[in-house]
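Here's a quick tour for anyone opening this one up for the first time. Take a look at the sequence and the model, and then we'll walk through a sheet and a pair of helices.

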Amino acid sequence: MKLGLDLEKLAAASGGKLLAGDPRAPFGRFITDSRALGAGDYFWALAGEKHDAHDFLADTLKASPAGWICREDRLPAGPRPPAVVAVTDTLRALQSLAAFHRRRFSPATAAVTGSNGKSTVKEMLFSILSQAGPACSNKGNLNNQFGLPLSLLELSAEHRYAVFELGASRRGDIAEIAPLALPSVGVITNIGPSHLEKFGDLETVFLTKTEIADSLAPGGTLVWNADDGMLRRLYGRPGRVTFGRSAGADYKVVEKGGSFAIAEKDGEFPVSLPQDCPHNRMNAAAAWAAARALGLGPALIREGLAAFKSPPMRMQRLEIRGSRVLLDAYNANPQSMAAALEAAARAEGPRYLALGDMKELGRYSEKYHRELACGIAAAEPEKVFLAGPEMRAAADELSVRFPSINAVYAEDPSAWRDEFRALVSAGRGFFLVKASRSMRFENLIEGL
């Protein structure tokens, strides 16, 4: 992060005021975690769901910070650092600074949202853009109201391209953060039952994800999934481009036996992916469409897709002592679980499944967990290991509808963890490890 500002410009860009410090003092780096604060750093006090950094302001003085960016009404009595910039809301101030910084540069910019696949599409598009020149993107899961501003502040004059993932869990989330990035291309991967505990229903998911359409730069292009029944409501919207397997898609996935191609107006182009599976072919089509909207050609796009590396714990293929492991433990919802089970069904056996709760489904949780039974049965597993309070519904459904399937259930995976690890270590076949992030299912294979 190299902001190249002074305190006076920082205060103006963040909508605050300088209470203490030299207006001409340089400001180029700040810390939001008090535990990582060092001498000479600026501390930006953010309030999260669990902790408010303003509670730790006085404690940060032990690290000899250069200054604070904080709420004026939360300034503690007593000693203060050399500089203090006071704002009314530290998150809004961070977003204002990010919007100001973004507009200092003019990279060709895309933003990606959707219920599933947005991280993969973002990484695919980043790989493509990096073939054309220096590119900037979110690191890890910095895709929300806090993370996106931090990602935008990594932009510099050297970047010719940028792609940012936009996450959401409530109505209005995309409308809040998408304008900060000012994308000329917006991508919606799909609409599905994710975060329903907070969204409430699929219609609200649709309304939230499509907020990106109203946040594009003038003349921008909206890229969306033509196979998605809810997104088809966007037909007729100006500046739209579609991808998918549907006959009318502008960028169409064409199956070629064991491989695939993207068909478009300029021809049909074979595509090679390091990790090829049906849902990744759709992700590749989304990235292709976005890259074309940004002005890139087919040859460069193919190179970028061939160089793509899957993010950790997202359909990550591992080889462990002769066993083939598909680790997809970063997140889970009904659509991503179905895709993972389809991948398992195509794998050479014997097949073992370790499945954990799909979180944040609210009142729909039992319904969607029960529906997993059919996908599990279709994979024809040698054995199924289930864990989590929500996954009990899947276990019950399996016992009633598919009693021949060898399944074990426990609320805590520690009950069967040793058996599962022994099977992986024995090189017995294919293993799917899939659950929501809070289940920490990556621990099932840790150390192997």
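## A strand on the inside

Let's start with strand 18, which covers residues 323-328. Of its 6 residues, 5 are buried, so strand 18 is largely enclosed by the rest of the structure. Keep in mind that this is a predicted model.

Who sits beside strand 18? On one hand there's strand 17, joined to strand 18 by 5 bridges, with the two running antiparallel.

Leu-326 has Leu-432 in strand 22 as its bridge partner.

Now zoom out. These strands belong to an open sheet of 6 strands, in the order 17-18-22-19-20-21, and the pairing is mixed. Which strands stand at the edges? They are strand 17 (316-320) and strand 21 (407-410). Each has a single partner strand, so one side of each is left without a neighbour in the sheet. On average, neighbouring strands of this sheet are turned by 15° against each other, if you ignore direction.

Further along that order you'll meet strand 19 (residues 351-356) and strand 20 (residues 383-387), which pair in the parallel sense over 5 bridges. Look for Gly-356, which stands opposite Ala-387 in strand 20.

Next, find helix 12 (residues 365-378) and helix 13 (residues 392-401). Their axes are 7 Å apart, and the two pack at an angle of about 45°. Helix 12 and helix 13 are therefore oblique to each other. The crossing, as helix 12 passes helix 13, is right-handed.

What does each helix bring to the contact? From helix 12 come Glu-366, His-369, Arg-370, Leu-372, Ala-373, Cys-374 and Ile-376. They meet Ala-393, Ala-394, Asp-396, Glu-397, Leu-398 and Arg-401 in helix 13. Sort the residues of this contact by type and you get 7 nonpolar, 1 polar and 5 charged.

Terms used. Residues numbered from 1 in each chain as written. Predicted model: local features only at pLDDT ≥ 70, side-chain atom pairs only at ≥ 80, totals over all residues. Heavy atoms only, no water. Axes fitted to C-alpha atoms, helices over the stretch in contact; angles between N-to-C directions. Helix = DSSP H or I, 4+ residues; strand = E, 2+ residues; numbered from the N terminus. Parallel < 35°, antiparallel > 145°, perpendicular 65-115°, else oblique. Left-handed = near helix turned anticlockwise from the far one by under 90°. Contact = heavy atoms within 4.5 Å. Nonpolar A, V, L, I, M, F, W, Y, C, P; charged D, E, K, R; others polar. Pairing = 2+ DSSP bridges. Buried < 20%, exposed > 50% of the residue type's maximum accessible area, 1.4 Å probe, protein only.
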